Amino acid sequence: MAVVFIAASLVTAMMIGINNSQNLQKAMAEDDYPPETSITTETANEYKTASANSSSSSMTGAAVKAVNPDQTTNKEFWINTVHLDGMTNINAAVKCDTCPQNTPLHPAEQPPVNSTVPTGGGFKITEPNKAGAWDFRSFTFSPSQIVVNQGDKVTLHFIGVQGAHHVVTVDGTGTFELNRGQINTVSLVANNPGIINYVCHVHLPNMVGQILVLPKASV
Ligand SMILES: [Cu+2]
């Protein structure tokens, strides 16, 4: 009696197994081959239109005339003084379980023995203090690259955010001092295509920026 029961159970288990495997194959087939009706006529038409547009413009080589608008516009920019600080320590950082912020830990780092940093005030290495902490600082403008069109009236607001004192020259407009917390505004008209430089004499060679003036589009 027991043998018959076991045999019957085996047959049942095999049948279930076959059914499951058939269902699995069916499901996989549906995943691999989504029914065609999932692509609507509307979507297909949009695709055809987009293809037609892109192929017609590339095949006919339609002239692109306006890389920049042929009209004078007012452009205004806010330029921050910035210094980036790489703060580290000659000793590896230790995990702090009570700190409100959990920052990535740094390994033990020594200041470079032979510095490759150019002379000038733009870079500064502060040697380790008694706790082993040291810093590498780099000054910059943010933004340091600006693009305008020939003929634009350009207003530049220089903002003293980081660094106590800067002395800034913008090509063709003169030089001014800028302390932390001050804003100095410079206006110019970008008459000629090319580059207008702005530099901070205190933090050379890296605290520099460029205004790229694009030429007027020929019509
Ligand atoms: Cu500066």
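Leaving aside neighbours within four places in sequence, His203 is in contact with Gly121, Gly122, Phe139, His165 and His166. The model described here is predicted.

**His203**
- His203 lies in the loop that runs between strand 9 (194-200) and strand 10 (208-214).
- The relative accessible area of His203 is 7%, and because buried means under 20%, His203 counts as buried.
- Among the contacts of His203 is His166, a residue whose bridge partner in strand 7 is Leu178.

- Five strands form an open sheet in the order 4-10-9-6-7, and their pairing is mixed.
- Strand 4 and strand 7 (174-179) stand at the edges with a single partner strand each, so one side of each has no neighbour in the sheet.
- On average, neighbouring strands of this sheet are turned by 20° against each other, direction ignored.
- Strand 6 (residues 165-170) pairs with strand 7 in the antiparallel sense, over six bridges.
- Both strand 9 and strand 10, which the loop of His203 lies between, belong to the order 4-10-9-6-7.

**The nonpolar surface patch**
- Val147, Ile195 and Leu212 make a nonpolar surface patch of about 250 Å².
- Val147 is found in strand 4, which covers residues 145-149, and strand 4 is one of the strands at the edges of the sheet.

How values were computed. Residues numbered from 1 in each chain as written. Predicted model: local features only at pLDDT ≥ 70, side-chain atom pairs only at ≥ 80, totals over all residues. Heavy atoms only, no water. Patch = residues over 30% accessible without salt bridge, like charges linked within 9 Å, V, L, I, M, F, W, Y side chains within 5 Å. Areas by Shrake-Rupley, 256 points an atom, 1.4 Å probe, with all protein chains shown as cover. Salt bridge = Lys/Arg side-chain N within 4 Å of Asp/Glu carboxyl O. Helix = DSSP H or I, 4+ residues; strand = E, 2+ residues; numbered from the N terminus. Pairing = 2+ DSSP bridges. Axes fitted to C-alpha atoms, helices over the stretch in contact; angles between N-to-C directions. Buried < 20%, exposed > 50% of the residue type's maximum accessible area, 1.4 Å probe, protein only. Contact = heavy atoms within 4.5 Å.
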